[in-house]
Amino acid sequence: ASSAPEAQETIRNEELWLQDKNVILIVGDIRFRVYQGLLAERSPVFKGMFSLLQPPSPSMLEIVKMPALWCI
């Protein structure tokens, strides 16, 4: 178990928790681990956001928090 605050305050979506992916997307109180390239390919918002971030090292994950309102 992780001691990170987001791990304690959120629920992991088992269906979309992909071990070999490089982005943890937190929407409201649910965590998803997904592929950054797919998000960027399908969303101009994510594409722009990821282009502004420093490239993570292979051992690091990007963590993106979004309010649940964005998914309604």
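A nonpolar core is a set of buried Ala, Val, Leu, Ile, Met, Phe, Trp, Tyr and Cys residues joined through side-chain atoms within 4.5 Å. The views below come from a predicted model.

**View 1. The largest nonpolar core has 11 residues.** Its members are Val-23, Leu-25, Val-27, Phe-32, Val-34, Leu-39, Ala-40, Phe-46, Phe-50, Val-64 and Met-66. Strand β2 gives the most, with 3 residues.

**View 2. Four strands form an open sheet.** Their order is β1-β3-β2-β4, and the pairing is mixed. The edges are β1 (11-17) and β4, each of which pairs on one side only. On average, neighbouring strands are turned by 25° against each other, direction ignored.

**View 3. Strands β2 and β4 run parallel.** The two are joined by 5 bridges. Ile-24 stands opposite Ile-63 in β4. Helix α3 lies across both β2 and β4. Relative to β4, α3 runs at about 135°.

**View 4. Val-64 touches residues that include Val-23 and Phe-50.** Residues up to four places away in sequence are not counted here. Val-64 also touches Ile-24, Leu-25, Ile-26, Phe-46 and Met-49.

**View 5. Val-34 sits in strand β3 (residues 30-34).** Its relative accessible area is 15%, so Val-34 is buried, the cut-off being under 20%. Neighbours within four places in sequence are left aside in this view. Beyond them, Val-34 is in contact with Leu-16, Lys-21, Asn-22, Val-23 and Leu-39. Asn-22 is 12 residues from Val-34 in sequence. In space, their C-alpha atoms are 6.3 Å apart.

**View 6. Gln-36 lies in helix α2 (residues 36-42).** Gln-36 is buried, with a relative accessible area of 16%. Leaving aside neighbours within four places in sequence, Gln-36 is in contact with Asn-22, Val-23, Phe-50 and Glu-62. Asn-22 and Val-23 are also contacts of Val-34.

**View 7. Glu-14 forms a salt bridge with Arg-12.** The structure holds 1 salt bridge. The closest N and O atoms of the pair are 3.1 Å apart. Glu-14 is exposed, with a relative accessible area of 54%. Arg-12 has a relative accessible area of 34% and is therefore partly exposed, between the 20% and 50% cut-offs.

Definitions and conventions
Residues numbered from 1 in each chain as written. Predicted model: local features only at pLDDT ≥ 70, side-chain atom pairs only at ≥ 80, totals over all residues. Heavy atoms only, no water. Buried < 20%, exposed > 50% of the residue type's maximum accessible area, 1.4 Å probe, protein only. Contact = heavy atoms within 4.5 Å. Salt bridge = Lys/Arg side-chain N within 4 Å of Asp/Glu carboxyl O. Pairing = 2+ DSSP bridges. Axes fitted to C-alpha atoms, helices over the stretch in contact; angles between N-to-C directions.
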